[in-house]
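Here's a quick briefing to read with the model open beside you.

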Amino acid sequence: MFKKTYDWIDERLGITPIWRDIADHDVPAHVNPANKMSAFVYCFGGLTFLIIVTQILSGMFLAMYYVPDIVNAYRSVQYITDEVLLGQIVRGMHFWGASLVIIMMFLHMLRVFFTGSYKAPREMNWVVGVLIFFVVMGFGFTGYLLPWDQKAYWATAVGAQIAESVPWIGKYIRTVLIGGDMLGALTLTRFFAIHVFFLPAGLLGLLGLHFIMIRKQGIAGPL
Amino acid sequence: MAHDHFRDRIPGTPRFKEKDKNKPIGTEPFFPNFLLKEWIVGALFLVAFMLWIVFNPVELTDVANPSDSSYTPMPDWYFLFLYQLLKYFPGSVIWLGSVILPGIAATLLIMAPWLDNSKVRHPFKRPVATSAMMLSLLLMIWMTYEAHVQHEEHLASQPKKVDTSAMPADTTLVDSADPGAKIFATSCAGCHGADLKGVVGPFLIGVGNKYDEAKLVDTITKGFPPNMPPKGGLPSDDQVKQVAAWLAKQKQK
């Protein structure tokens, strides 16, 4: 039954070669923590991806209750924390996960740097990785405002001030960022849109590139 | 050989694919063998993460208030080193700290494969790249730490707000025509507030619920050095008694 269904799909989409490519390649011994304990440093990238997946999932569930307007944002976060079943946990996952992604990504980057894994032919993958780093920082900056509490508001106010300090174009960057002259209703919807539409689109595209390149270029040999 | 058989997989994990004996020991197919091991690491990691979440609930501060500019803003911890960098470029050169230096750092980071383009990969065989990264790491950690310390210092230097979390909901004063009330208004209100809601000293609303007149006389007479002088700075014991008598009447819900 299962075999028949698979064959039917495979006949139309030709998924077997893709599937074989993902599953059958050999992973070298020096990145295998079961072979050598110190190879655990090669797990940081995978763990970063795992936390990004939990960020996407917890964010999706938060979006079921969160309301991005200045009247209700704070109250909806309060509602999630105090009333929704496991809401405190899901919000905790999303909040602490943000820091964890940064930590794991940073450790991953240091591993790649110190093992010289960005050298030819993997330069492009390093560049994509650094871009992922910037996108994730963008997630942190835009996500901080969303609960609309004092901490969020004033941290963003400082961020807007820093953007304004850019010579000549600072004023315009600030306007584009906060959606007007004042940090307010438009800023919140704008940050929400950036946080849940623009940045995820960019992140998923970059992650796709990152993973395809790992497959194409393979894992660098032992040091 | 039996020995190799045990070395190339974790005991207990299935091996769905026949291994190529010519491959070096420890090499494994990605699926399912290697992914299962990653999965184990991931599962342990997630358990630790969930435990952290359960024991560290996220708090929500007060609702955003654009008119309260007394709030000391602080970026998230991973922006602290950039925030600290800005402090070294005050006023009209702030763009050096906000654009130029981070821009240079970001460019160097992106260009790393072309700046460090020798064939060698071992960190000890490319001392420039390794020491440059170690130095930036130390700088980032130090600046993050500095930003944290300076923030704590700033918070400590701010005037303390009275903890009103235990204050009764009913805040109406009892018997404000009492002679004790007048003495309070001139001598005590500066610290405890004319409405007893506290300023630098604690709030005294509902103090009559906790202490009777004798206990209040005793407390005021002793004072709380160094902030509150003995007798609250009142010249006579009689005045202390009058204030205590009035405070003892302050029974609120």
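UniProt, in an unreviewed entry, puts the feature "transmembrane region" at residues 39–67, 95–114, 126–146 and 192–214 of chain A. Keep in mind that this is a predicted model.

**Annotated spans**

- Take residues 39–67 of chain A: this span is 66% helix and 0% strand, and its end C-alpha atoms lie 44 Å apart.
- Residues 192–214 of chain A are 100% helix with 0% strand, and here the end C-alpha atoms are 32 Å apart.
- Over in chain B, an unreviewed UniProt entry gives the annotation "domain: Cytochrome c" to residues 175–251.
- That stretch of chain B, residues 175–251, comes out at 51% helix and 0% strand, with its end C-alpha atoms 11 Å apart.

**Chain A at a glance**

- Chain A has nine helices and one strand, and along the sequence they run α-α-β-α-α-α-α-α-α-α.
- The C-alpha trace of chain A spans about 55 × 50 × 35 Å along its principal axes.
- Of the 223 residues in chain A, 47% are buried.
- If you look at contacts in chain A between residues at least 6 apart in sequence, 66% of them join residues at least 24 apart.
- Chain A exposes about 11500 Å², and 73% of that comes from carbon and sulfur atoms.

**A:Val90 and its surroundings**

- A:Val90 sits in helix H5 (residues 87–114) of chain A.
- Setting aside neighbours within four places in sequence, A:Val90 is in contact with A:Ser58, A:Phe61 and A:Leu62.
- A:Ile80 is ten residues from A:Val90 in sequence, and the two are 8.7 Å apart, C-alpha to C-alpha.

**Where the chains meet**

- How big is an interface? The size is often given as the accessible area lost when the parts come together.
- B:Val58, B:Leu60 and B:Arg121 supply 12% of the area chain B buries against chain A, more than any other three residues.
- The contact draws 70 residues from chain B and 72 from chain A.

**Aromatic pairs**

- The count over all chains is 21 aromatic pairs.
- A:Trp19 and B:Phe31 make an edge-to-face pair, 5.2 Å centre to centre with 65° between the planes.
- A:Trp19 is partly exposed at 36% relative accessibility, and B:Phe31 is partly exposed at 35%.
- A:Phe141 and B:Phe79 are also edge-to-face, at 6.5 Å centre to centre and 85° between the planes.
- Buried or partly exposed, for A:Phe141? At 25% relative accessibility, A:Phe141 is partly exposed, while B:Phe79 is buried at 16%.
- A:Phe141 and B:Phe79 belong to one aromatic cluster that also takes in A:Phe191, B:Trp77 and B:Tyr78.

- Most residues other than glycine have a negative phi, and most peptide bonds are trans.
- The bond from A:Ala120 to A:Pro121 is cis, with omega near 5°, and A:Pro121 lies in the loop between H5 and H6 of chain A.
- The bond from B:Phe31 to B:Pro32 is cis as well, with omega near 0°, and B:Pro32 is in helix H2 of chain B.
- A:Trp148 is not a glycine, yet has a positive phi of about 55°; it falls in the loop between H6 and helix H7 (150–164) of chain A and is buried, at 4% relative accessible area.
- B:Asp175 also has a positive phi of about 55° without being a glycine. B:Asp175 is in the loop between helix H6 (127–157) and helix H7 (179–187) of chain B, and is partly exposed at 35% relative accessibility.

Methods:
Residues are numbered from 1 along each chain as its sequence is written. Chains are lettered from A and ligands numbered from 1 in the order in which they are written. This is a predicted model: local features need pLDDT of at least 70, side-chain atom pairs count only at pLDDT 80 or more; totals for chains, interfaces and linings use all residues. Side-chain values use heavy atoms; hydrogens and water are left out. Helices (H or I, at least four residues) and strands (E, at least two) are DSSP runs, numbered from the N terminus. Contact means heavy atoms within 4.5 Å. UniProt positions are given in the numbering used here, feature names are shortened, and annotations may be inferred rather than shown by experiment. Rings of Phe, Tyr and Trp (its six-membered ring) pair if their centres lie within 6.5 Å; planes under 30 degrees apart count as stacked, over 60 as edge-to-face and the rest as tilted. Buried means under 20% relative accessible area, exposed over 50%, partly exposed in between (1.4 Å probe, protein chains only). Accessible areas come from the Shrake-Rupley method with a 1.4 Å probe; for residues, only the protein chains shown count as cover. Buried area is the accessible area (1.4 Å probe) that two parts lose on being put together, summed over both.
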